[in-house]
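Please keep the structure open while reading the numbered points.

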Amino acid sequence: MHGIKRAHLSKDGRLSKIEKDAAKIIKYRRLNDTVFENKQRELYNDKAFNETTALLNLNPELYSIWNYRRDILVKNKFNGLNEQELHELFQSELRFVQEQLYKYPKCYWIWNHRIWCLNNDRLSDWLFELKLIAKFFQADSRNYHVWQYRRFIVECLKKTKENEKDKAEVDYDEFKFTSNMINKDISNYSAWHNRSKLIGKLFLQSPEIGVDDNDEYLRIFNNKSKLQFLKKELILVKTAFYTDPDDSSVWIYMKWLFGDYFLSEIESSDATSLINETISDIQELNELELSDEGRDNQCGS
Amino acid sequence: MSLVSEKPKFLAKELHIKYIKSLDSQKQFIEYWLSEHLRMNGLYWGICALFTMRSESELDREEVKKFILECYDDKNGGFASFPKHDSHILSTLSALQILKMYDMLDDVVKGERRDKLVRFIKGLQLPDGSFQGDHFGEVDTRFIYTAIQSLAILEELTEEIVNPAVEFTLLCQNFDGGFGMIPGAESHAAQVFTCLGTLALAGALDKLKDEELLVWWLSERQVANGGLNGRPEKLPDVCYSWWVLSCLGILGKLNYINEKKLREFILDCQDLESGGISDRPDNQVDAYHTLFGIAGLSLLGYENLEPIDPIYCMPCRITATIKKFPYS
């Protein structure tokens, strides 16, 4: 149990909960027993399917019932359907899953079922999924499952692109997405993480991604210049640590910027001057902090 | 002022034992019925906490054995979380850990059942070295660890299984030194534990890169109130007293955090009225946080607790009896 306030029931409170729960328990156990019995009897009909819906609505953590539901889909409901009809069936499954996810956005089994549906539907709509993800990020922009799901959807979207250039453009769009997320909230460490992954990919891409003279990052990735990248990126990092010096995300990210991945490809004189500039920025920040709040930022307090 | 409640300084062992024993007598409450899918894990959490408090005789060993046997799935050879539920690698490891701790492994897992069980676990490995949790294909470094530990307890690890699992695990390391659930996923302390645990069980810790960076990231999980979080800029939570601390323990770097402050944070999460430990002070307790709080205290060397093995999350005296891979 995470984040639920401790409450000790009084004697009366306990009795009243027991009384209230009694009806719920009867209803839940009756349905639970029916569905597990259907499962044991290997029933794959529509009634059994609808009963899994009802039970999963009461308890989405029942992984065995998600398994059983998939068995019913494969062994019965898919039979005789053409691609379009299958797509419609998956659409209704996705709607059910979506409702569940709004209620339980951190339940592994529900995300797992959604991914299974999308993997099996040949007409999956990846752009719709990206829009859905945006909604989930509005509720919690650090949700571990949602970020993982986004990476999955992006990989699926890339598979629909025929040439390398188009695939690289998807990665670049994702890079821009991390910029947006960081600009909204510099302490979104999940976005900084994803950025580090995308940078690695974009420096490996061989084709030019597309030309837009106003887009400096795009030019830098096309030129494969790690020095230019560092210079540009340090502006973002500086803005971030000035916005909230106590936030750890940006400091961890900066440690990476000054690690082997970048510095091994940069002339040491360039590296030294970038490091010195950054140190003096940090000193300036510390002095500001000291005069504003009477403390500096060196001890992590 | 007398109204300010004193922070607890001691582990309320008797209360926690009472709390764990009470968990199976909550049948009047709906929550009991809604948690069947976690019952085997819950049993492991409770029993391992009892072992760590040297109070394992408080539960009836034969009752435990009966339940585990009811969860055995004769069709595919794994253990489920509850009778009639599907077997899964997570519940299979919990069952094996319980059997190992109570010294019932050879009694329950033998002959044809043993062969089927080993086949079930090995059959979950995919060509890229990862493991799926069951045949529906969800992949996660949690499942690699649980599969590898299951085989370690059975002393059935082989080069063919271990080497690709290690290779896959190494792909999950990130720019910050931490590990995620699959390659590309954000570092998360619980996944760092499963990845380091896998490497340790495989005898492959020498393949770990950026150890210093990883240890730094782990030590940065400690927040001002002494508790540990699982990712940067998240709230502290008692379960990370295990996920983070066990990693530091595996790497021999327990002193990289402030041990005294963490100990105080864990003790502060105790429910001194009904027993049990919660994620944060004054929250609702559960078996999961009770184990990981107590296990964390054990790693911190708390008095009169059984020393716990950071690789297996079982008492050291139990894991000392497991043959270590590579087998000589």
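The points below take the two chains in turn, then their contact, and then selected local features.

1. Basis of the note. This is a predicted model, in which local features need pLDDT of at least 70 and side-chain atom pairs count only at pLDDT 80 or more, while totals for chains, interfaces and linings use all residues. Residues are numbered from 1 along each chain as its sequence is written, and chains are lettered from A and ligands numbered from 1 in the order in which they are written.

2. Overall form of chain A. Chain A contains 14 helices and zero strands; helices (H or I, at least four residues) and strands (E, at least two) are DSSP runs, numbered from the N terminus. Its radius of gyration is 26 Å, well over the 19 Å that the globule rule gives for 301 residues, so chain A is more spread out than a compact globule. The radius is taken over C-alpha atoms, and the rule is 2.2 Å times the number of residues to the power 0.38. The C-alpha trace of chain A spans about 75 × 60 × 30 Å along its principal axes.

3. Burial and contacts in chain A. Of the 301 residues in chain A, 28% are buried. A residue is called buried if 20 or more other C-beta atoms lie within 10 Å of its own, exposed if 12 or fewer, and partly exposed in between, with C-beta atoms placed from the backbone. Among contacts in chain A between residues at least 6 apart in sequence, 54% join residues at least 24 apart. Two residues are in contact if their C-beta atoms, placed from the backbone, lie within 7 Å.

4. Overall form of chain B. Chain B has 15 helices and four strands. For its 328 residues a compact globule would have a radius of gyration near 20 Å, and the value for chain B, 19 Å, agrees with this. The C-alpha trace of chain B spans about 65 × 50 × 35 Å along its principal axes. Buried residues account for 54% of the 328 residues in chain B. Of the contacts in chain B between residues at least 6 apart in sequence, 66% link residues at least 24 apart.

5. An unreviewed UniProt entry assigns "domain: Prenyltransferase alpha-alpha toroid" to residues 11–314 of chain B. UniProt positions are given in the numbering used here, feature names are shortened, and annotations may be inferred rather than shown by experiment. The span of residues 11–314 of chain B is 49% helix and 2% strand, and its end C-alpha atoms lie 19 Å apart.

6. Contact between the chains. How many residues of chain B are in contact with chain A? There are 34 residues of chain B in contact with 40 residues of chain A. Helix α2 (residues 30–34) of chain B gives the most to the side of chain B that touches chain A, with three residues. That side of chain B divides into nine nonpolar, 12 polar and 13 charged residues. Here Ala, Val, Leu, Ile, Met, Phe, Trp, Tyr, Cys and Pro count as nonpolar, Asp, Glu, Lys and Arg as charged, and the others, Gly among them, as polar.

7. Helix α12 of chain A. Which residues of helix α12 (residues 248–257) of chain A are buried? They are A:Ser249, A:Val250, A:Ile252, A:Tyr253, A:Trp256 and A:Leu257. Seen down the axis of α12(A), its buried residues fall within an arc of 160° (that of the directions from the helix axis to the C-beta atoms), so they line one face of the helix. The buried residues of α12(A) pack against α9 (189–204), α11 (226–243) and α13 (260–263) of chain A.

8. Helix α3 of chain B and B:Arg54. In helix α3 (residues 39–52) of chain B, 14 of the 14 residues are buried, so α3(B) is largely enclosed by the rest of the structure. B:Arg54 is placed in the loop between α3 and α4 (61–70) of chain B. Phi of B:Arg54 is near 55°, a positive value in a residue other than glycine. B:Arg54 counts as exposed, with 12 C-beta neighbours inside 10 Å.

9. Other backbone features. Most residues other than glycine have a negative phi, and most peptide bonds are trans. B:Asn304, in the loop between α14 (287–299) and β3 (308–309) of chain B, has a positive phi near 60°. A cis peptide bond, with omega of about -5°, joins B:Phe325 and B:Pro326.
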